[in-house]
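Hi everyone, thanks for making time for this. I'd like to walk you through one structure today, so let's bring it up on the screen.

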Amino acid sequence: MKQQYLTTEARRAELRAMAYADYLKTPEWIRRRFAHLQAVEYRCQVCNSPDDLTVHHRTYERLGCEKFTDLLVLCWPCHKLFHERRKLAQSVNIQPQGMVK
Ligand SMILES: [Zn+2]
Ligand SMILES: [Zn+2]
């Protein structure tokens, strides 16, 4: 498989069709995850912890072409909480700076 940085329509369809666990191993995701971590300066977006960070998908709708707001950097305890309590996840609405709805 050729590793190219441009995500084509065909490749996006492929990314969306694969199992989530497989998607997490793709170069597309690894790059996006890294860019997102850099953008939030390696801090949990809920509690500001720099430890055990994970990039959480707020929605799986755009796998392969996620928007900034589709992703949330969380430390391990916050991530666990998000998955345990989805209501809490939905009540938190974090917007990137300068973005107004
Ligand atoms: Zn946290
Ligand atoms: Zn998650």
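Strand S2 is mostly covered, with five of its five residues buried. Buried here means that 20 or more other C-beta atoms lie within 10 Å of a residue's own; 12 or fewer makes it exposed, anything in between partly exposed, and C-beta atoms are placed from the backbone. Strands (E, at least two residues) and helices (H or I, at least four) are DSSP runs, numbered from the N terminus.

A word on what you are looking at: this is a predicted model, where local features need pLDDT of at least 70, side-chain atom pairs count only at pLDDT 80 or more, and totals for chains, interfaces and linings use all residues. Residues are numbered from 1 along each chain as its sequence is written, while chains are lettered from A and ligands numbered from 1 in the order in which they are written.

How confident is the predictor? On pLDDT, its confidence in each residue from 0 to 100, the chain has a mean of 85, and 79% of its residues reach 70 or more.

Now the overall layout. The chain has five helices and two strands, running α-α-α-β-β-α-α from the N terminus on. Of its 101 residues, 16% count as buried.

Back to S2. Leu 71, Val 73 and Cys 75 point one way from this strand, Leu 72 and Leu 74 the other way, and all are buried. S2 pairs with S1 in the antiparallel sense over five bridges; to count as paired, two strands need at least two bridges found by DSSP. In that pairing, His 56 stands opposite Leu 72 in S2.

Next, the largest nonpolar core, which has ten residues in all, among them Cys 44, Val 46, Leu 53 and Val 55. Such a core is a set of buried Ala, Val, Leu, Ile, Met, Phe, Trp, Tyr and Cys residues joined through C-beta atoms within 7 Å. S2 gives the largest share of this core, five residues.

Finally, Arg 58, in the loop between S1 and S2. Is Arg 58 buried or partly exposed? Arg 58 counts as partly exposed because it has 17 C-beta neighbours inside 10 Å. Its C-alpha atom is separated by 5.1 Å from that of Asp 70, twelve residues apart along the chain.

Notes: pLDDT = per-residue confidence, 0-100.
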